[in-house]
Each structure stands twice: as structure tokens, then as C-alpha cells.
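Take a moment to turn the model around before you read on.

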Amino acid sequence: MRVAHQRGFFFKSAESYPNSPAGFWDYGPLGVSMKNKFIELWRRELVKRDGMIEIDGSQILPKAVFVASGHLESFSDPIVRCRKCGSFFRPDKLLEEKTKTQIPEKLSNKEYDDMLEKYDIRCENCGEKLRGTTRFNMMFRVGIGAAEEEAYLRPETCQTIFVDFPLLFKTQRVKLPVGIAQVGKSFRNEIAPRQGLLRLREITQAEIEVFFNPKRTEGGKFELFIGSKLPLYKEKEVVIGFSEARDMGLVSNKLVWYYLKMIFDFYVKAGIPEKDIRFRVLSDEDRAFYSREAFDLEVKLSIGWTELVACNYRGDYDLTRHSSVSGTDFSVDDQGEKLIPHVFELSMGVDRSIYAIIEKSMREEKGRKYLAVKPYLAPYHVGVFPLVNKDGIDLKALELSSLLSNCLDTFYDDSGSIGRRYARADEVGVPYCVTVDYDTFKDETVTIRDRDTRVQQRVKIEELSRKLEEMTRYPDIASLSMQNK
RNA sequence: GCGGCCGUGGUCUAGUGGUCAUGACAGGGGCUUCCCAAGCCUCUAAUCCCGGGUUCGAAUCCCGGCGGCCGCACCA
């Protein structure tokens with residue numbers, strides 16, 4: 001996206017060096033501002049609204065954690081390298097081509113070698129026999145300390161939450177069900193990163209892991225949204241309520257429905273039109289190895305429906321595994337019952353979301369371009385301009401600008417013509433522009449111009465700050481008890 | 001990783017073997033300016049993706065790498 005690059009939302013990392021690898025991106029000043037506001041909205045609409053707790057965990061974790069999580073074994077692709085010319089191949093793909101049958105991805109290296117031998121598979125480049133299957137793991141390996149002890153950059157943020165769960169449960173006076181949230185970086189050594197922010201090797205995730213007793217997925221807040229409808233997609237799209245979805249076997253319980261509705265509402269408030277959001281119900285083959293029921297929240301972008309959030313019912317898989325590998329007891333007490341809680345997760349791709357919001361907000365009419373992002377997500381809330389740079393108007397505008405920056409993200413611009421400044425502000429999504437003119441000295445008023453309508457209103461300077469704050473603040477956190485519709 | 005196309009200032013682009021490598025937009029400084037990219041003056045900015053080769057001479061031809069887009073595969 002041209003504007004994003006030119007105006008400083010985001011750009012390729014280390015661009016000034018040639019041969020920088022793909023899949024790493026930097027956020028520029030505008031991008032950081034928007035990303036922070038987006039995460040704050042997430043905090044308000046999900047974490048605070050549902051009474052979750054938040055942590056910020058380490059990005060490097062010891063090998064044992066990934067033995068337990070299954071990533072060391074399952075988060076990898078089989079790969080075979082030609083001993084003569086060095087080309088890489090996927091043995092499963094080569095075998096499928098040769099035999100015209102489905103080859104499971106989960107065979108051992110030895111089994112692949114046997115099959116390569118049996119079907120006499122040869123290198124497509126030089127004809128050499130292919131042997132010696134190894135694994136290409138998508139995790140980045142790091143060596144800790146002088147001994148280079150084996151550890152990995154986490155491929156998903158949630159493992160930190162699982163590992164910390166027993167301590168948090170004991171010390172934070174929480175009861176089931178409880179959500180634990182985290183925003184942070186994850187790392188995946190993708191083979192072919194592409195499409196800008198949509199496919200990265202270093203990604204920002206905002207994750208929520210809800211821990212609950214599988215026998216208690218109804219009652220209380222989980223009843224709140226059963227009357228509302230959600231767009232579910234499996235082969236075709238249906239917009240249906242909970243009971244119908246359960247009858248069709250699409251959603252298993254009310255707790256899942258409750259959180260799907262919550263994340264749906266969040267994206268609407270982030271500025272994605274309802275009609276462009278849907279939940280893809282994943283089939284058995286499409287789910288990750290840890291997942292027993294899965295929904296992808298997808299948004300319709302110019303490149304097609306794109307996954308922004310993975311919602312997985314992980315069962316007790318993670319806690320049970322960590323419990324047995326670590327030797328620590330991960331079970332907790334729920335109303336007198338001792339159990340390993342089940343987990344439902346909402347794993348959000350922040351970078352993808354930012355991209356989606358920007359794309360969905362681009363407007364173009366009569367040669368005018370503007371970014372119609374929600375005022376509370378805009379990189380700057382307000383721009384302050386002097387109508388002309390003389391007669392003290394510029395000084396007055398500068399003074400107002402610094403006044404407003406107490407509580408709003410503000411910038412001052414006095415270059416070029418006033419129209420040019422409006423246009424520049426429009427392009428990066430500044431929702432309101434304040435202009436100081438000659439009338440300001442007569443009656444202590446200024447104009448506020450609206451980005452989307454270009455309409456101006458005159459406002460007293462003494463009311464300016466309060467008024468702008470009102471216009472740019474986050475929506476109120478909806479009270480759950482009030483939402484019973 | 002495979003196949004196809006591609007790589008020139010921040011952006012878009014001219015240039016297909018030969019003097020200081022085009023032009024536009026964007027950006028900076030100044031003048032002007034009583035509200036929507038106006039005008040005038042001026043400045044900045046590209047080791048032509050990187051490395052090697054062919055040649056008296058390469059942005060241009062050849063090889064390799066890196067990167068980008070599109071399909072396949074993989075995924076948040």
C-alpha cells in the first residue's frame with residue numbers, strides 16, 4: 001500500500017541494506033500510534049469488559065516447553081536435500097505426485113526415506129537419488145548462555161500463558177472461568193513470507209486464553225448473546241443464532257458463542273463493516289494439531305477473505321501436556337471439583353488487523369483520498385493549522401496545538417496552503433482539523449473541520465479541548481448486564 | 001520451496017551498449033495567501049537491488065544471489 005509506505009505507517013525492515021530477508025516489517029510513527037490505539041481498544045472491549053487478567057511474558061522459552069506443546073514435533077515440515085546439487089524438496093509432495101495418492105504429513109523421517117527408495121524418487125534438478133529426510137522446524141532456535149543451551153523463540157504467545165497458569169491461578173484470586181490475555185511478539189520461520197503485513201516471520205499477536213470447566217459452559221454471562229446472530233461459513237455462509245448453530249453442529253456450547261460474539265463486536269468497533277466479517281468453521285483436516293473445534297474470523301479484503309483471528313477450542317491438551325512434561329500439577333479447584341481446565345482461545349493477528357483496518361478505511365472520491373478510520377484509532381486525533389502565517393495567527397495556532405497535546409495526539413502544520421494541509425491530514429486519517437483564523441481574535445473561536453464530510457463548525461476555544469476529547473474517545477465499555485437483548 | 005512475470009530518487013516513470021541518467025508527483029526553504037493538493041522562485045534527492053562475467057565502454061547483454069507480485073504449498 002503506497003500511502004502506508006510513503007506516509008510512515010509501516011515499511012520493510014532494514015530497507016537501506018540490500019538483501020534484507022523478507023517477512024520483517026517496521027512500524028513508522030503513524031503505524032505505532034495506530035497499533036497502540038488498536039491494542040488499547042482490544043483491552044477495553046475484551047480484557048476489561050470480560051474481567052480478564054493480562055500478562056507480558058518472555059519471548060524465549062526452553063526446549064522442554066515445546067516438547068510439551070508439541071511444536072518441536074508437529075510444527076515442522078519434512079524436507080529432503082539433494083546431496084549432489086543441494087536443492088530442497090518436500091518428500092511428501094514428491095511422493096504424492098508420483099503415486100497420485102494422499103501422503104500423510106506425519107510420517108517419520110525413516111518412513112519417508114523408505115518410500116523414496118521404493119518409488120525411486122530422484123532430484124528434479126540433477127537426477128541424483130534423494131535420501132536423508134530431515135525436518136525443517138518453523139521455530140527459530142536460539143542458544144542460551146555460553147553453553148548454547150537449546151531454546152526457541154515462541155511460535156505463539158499462548159505457551160507463556162499456559163506455563164504461567166498455575167501460578168496466576170494461585171496468586172491472583174481468580175476462579176474459573178477466567179481469561180488470561182497477552183499481547184506480544186511471536187516468531188515463525190516461514191518458508192515464503194509474502195503480502196506485506198499479512199505474512200510475517202515476526203508477528204504481533206494479541207491472545208486470550210479462556211480457562212473453564214467443561215461442565216459449566218452455560219449460565220451467567222454466557223447466556224447474554226444467545227439471542228444475537230453471527231455469520232458462520234462452512235461451504236456456504238449462514239447468519240444464524242446460537243440454537244440453530246448448535247443444531248447444525250457448528251458451535252458446541254454457549255461459552256464459545258459468547259466469545260465469538262465478543263470478538264465480532266470488537267472488529268465492528270474497530271471499523272470493519274459487519275458484512276465483511278465472517279467466521280469460517282474449520283473442518284477436521286484444516287485444524288491445527290492441538291485444536292478440537294476451530295473458527296477463523298475472516299475479513300473480506302481486496303485479496304479475498306483473510307484470516308485475522310484464530311479461535312480454537314484446545315480442550316485440556318496444553319495443560320495436560322505441560323503438567324506431565326514439567327511434573328507440576330496444573331489442576332485447579334472449581335467449586336469443590338478438582339480438574340484440569342479446558343481452554344478456548346482467541347488468537348488475534350495484530351499486524352494483519354492493522355492492515356485490514358487501513359484497507360477497509362481507504363476512501364476515494366473526486367480525486368480526494370482520505371482514510372476513514374475511527375477517530376479513536378487515528379494516528380493523530382487532531383491537526384492544528386494557522387489560516388495564514390502572519391499577524392500572530394501562527395503563534396496562536398502553535399499555542400493551541402501545545403494546549404491540545406496535553407490530552408490528544410496533536411500535530412501542527414503551517415506549510416503550503418490550507419487546502420494542502422487538509423489533504424495531507426485526510427490521507428493519513430486525521431479525523432479533525434482545527435484552524436485559527438482572523439475571527440479567532442474577535443470572538444475566541446476556531447473552526448473544527450470534519451475529515452469525512454469536510455464540514456466546519458465554529459467552537460469556543462474554552463470548549464475546544466473538552467469537545468475534541470469527546471469526539472475522539474473510545475466507545476464506552478459495554479456493560480454486560482445491559483447487553484441482554 | 002517450485003513455476004511465471006518483475007526490480008531506475010520517498011512514489012510512479014523515461015531510457016534496450018557510448019558525453020554530467022529523464023520527467024512528474026511527493027518533500028524542504030522563501031514569496032504570496034481570510035478555508036480545501038492554486039501560483040511564482042529555489043533546493044534536496046537514485047553508488048540504476050547486490051555480486052560476478054562479456055565489452056574499449058553495461059541501467060541496458062549473460063550467470064548467480066536477494067527482494068517483490070501472481071499461482072501452488074503453508075499459516076495468525
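**Charges that meet**

Arg 141 counts as exposed, at 57% relative accessibility. Buried means under 20% relative accessible area, exposed over 50%, and partly exposed in between (1.4 Å probe, protein chains only). This is a predicted model: local features need pLDDT of at least 70, side-chain atom pairs count only at pLDDT 80 or more, and totals for chains, interfaces and linings use all residues. Residues are numbered from 1 along each chain as its sequence is written, chains are lettered from A and ligands numbered from 1 in the order in which they are written, and side-chain values use heavy atoms, with hydrogens and water left out.

Which residue pairs with Arg 141 in a salt bridge? The partner is Glu 150, and the closest N and O atoms are 3.7 Å apart. A salt bridge here is a side-chain nitrogen of Lys or Arg within 4 Å of a carboxyl oxygen of Asp or Glu. The whole structure holds 33 salt bridges.

Another one joins Glu 218 and Arg 246, with 3.9 Å between the closest N and O atoms. Glu 218 sits in the loop between β11 (202–212) and β12 (230–234), and Arg 246 in helix α8 (residues 242–247), so the pair ties together parts that are 28 residues apart in sequence. Helices (H or I, at least four residues) and strands (E, at least two) are DSSP runs, numbered from the N terminus. Glu 218 is partly exposed at 47%. Arg 246 is partly exposed at 37%.

Salt bridges can also share partners. Glu 40, Arg 43, Lys 48 and Glu 54 are joined into one network this way. Within it, Glu 40 and Lys 48 meet at 3.6 Å, N to O. Glu 40 has a relative accessible area of 22% and is partly exposed. Lys 48 is partly exposed too, at 47%.

Now go to Ser 361. Is this residue buried or exposed? Ser 361 is buried, with a relative accessible area of 3%. It lies in helix α11 (residues 350–361). A polar atom of its side chain lies 2.6 Å from the backbone oxygen of Ile 357. Leaving out residues up to four places away in sequence, Ser 361 touches Tyr 370, Leu 371, Ala 372 and Val 373. Contact means heavy atoms within 4.5 Å.

Finally, step back to chain A. It has 15 helices and 26 strands. Of its 485 residues, 52% count as buried. Among contacts between residues at least 6 apart in sequence, 65% join residues at least 24 apart. The C-alpha trace spans about 90 × 65 × 50 Å along its principal axes.

Methods: Polar contact = N/O pair within 3.5 Å; in protein donor to acceptor, adjacent residues only side chain to side chain.
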